[in-house]
Amino acid sequence: MNRGSFLVLTMAVTAACTASLGSVAVARTSVVPAASCSVAVDRENPNTVVVSGEGFKGTSVTLTAAGGDGTWTGIPAPNGSFTRGSLPDHVYTAQSGQDPAVGCGNAAKPQSPPPSPPTSPPPANEQYRMGYQQGLRDTLATCEKNAPKNLAPDPNWQSGYDKGAETAINSKRCTDS
């Protein structure tokens, strides 16, 4: 290999390495996290919220509540992070001098337990079963079908009562007497 070829090869390798390092540097800068923030219910005072953020480039942050309901300036953000509590529940944005405004959202309200279902009569099959047992008992006692003692029976209960009474009348106990 002559000296000229060696020089061209060295320059090509150097150019390739420089391009490679440049893409690594670009990749590295894109890894830096963007500023973000969130809102959560304040545990100590559930009627207020805590706004927290990280990844800000400035040393202080300004919080703004949606609808012009308040602005808090100069909130310290050492190392790009901040927390501010006892704030009214709103949708917030946070911004430092070197970052664009970042939406923080609003706090998710704690869910209250679902309302208890209204007390309802037993399901149809349960009504039928209870009527059947009562009809069987009443009829086996006399081997005669009697009117039910339930003055306003459920239709399913009445159907079960009638079937229970019929079963009793056709039973060996009532047919042998």
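Analyst: Let's begin with a term: a residue is buried when its relative accessible area is under 20%, exposed when it is over 50%, and partly exposed in between (1.4 Å probe, protein chains only). This is a predicted model: local features need pLDDT of at least 70, side-chain atom pairs count only at pLDDT 80 or more, and totals for chains, interfaces and linings use all residues. Residues are numbered from 1 along each chain as its sequence is written, and side-chain values use heavy atoms, with hydrogens and water left out.

User: Thanks! Why is T139 called buried?

Analyst: T139 has a relative accessible area of 0%. Buried means under 20%, so T139 qualifies. T139 belongs to helix α2 (residues 124–142); helices here are DSSP runs of H or I with at least four residues, strands are E runs of at least two, and numbering starts from the N terminus. Leaving out residues up to four places away in sequence, T139 touches E144, K145, A165, A168, I169 and C174, where contact means heavy atoms within 4.5 Å.

User: And what makes T64 partly exposed?

Analyst: The relative accessible area of T64 is 31%, which falls between the 20% and 50% limits. T64 sits in strand β3 (residues 60–65). Beyond four places in sequence, T64 is in contact with G70, T71, V91, Y92 and T93. From T64 to C104 there are 40 residues in sequence and 9.9 Å in space, C-alpha to C-alpha.

User: How do you know that a disulfide joins C37 to C104?

Analyst: A disulfide is a pair of cysteine sulfur atoms within 2.5 Å. The S to S distance of C37 and C104 is 1.8 Å, so the pair meets that limit. This pair links distant parts of the chain, 67 residues apart, with C37 in strand β1 and C104 in strand β7 (residues 102–105). C37 is buried because its relative accessibility is 13%, and C104 is buried at 8%.

User: Why are β1 and β5 called edge strands?

Analyst: The open sheet of 3 strands has the order β1-β2-β5, with antiparallel pairing. β1 (36–41) and β5 (82–87) each pair on one side only. Two strands pair if DSSP finds at least two bridges between them. Between β1 and β2 (residues 49–54) there are 6 bridges, so β1 and β2 count as paired.

User: Where is confidence lowest, and where is it highest?

Analyst: pLDDT is the predictor's confidence in each residue, from 0 to 100. Confidence is lowest in helix α1 (residues 3–31), with a mean of 50, and highest in β2, at 90. Over residues 23–32, pLDDT stays under 50, and the model has 0 contacts there beyond four places in sequence. For the protein, the mean pLDDT is 77, with 72% of residues reaching 70 or more.
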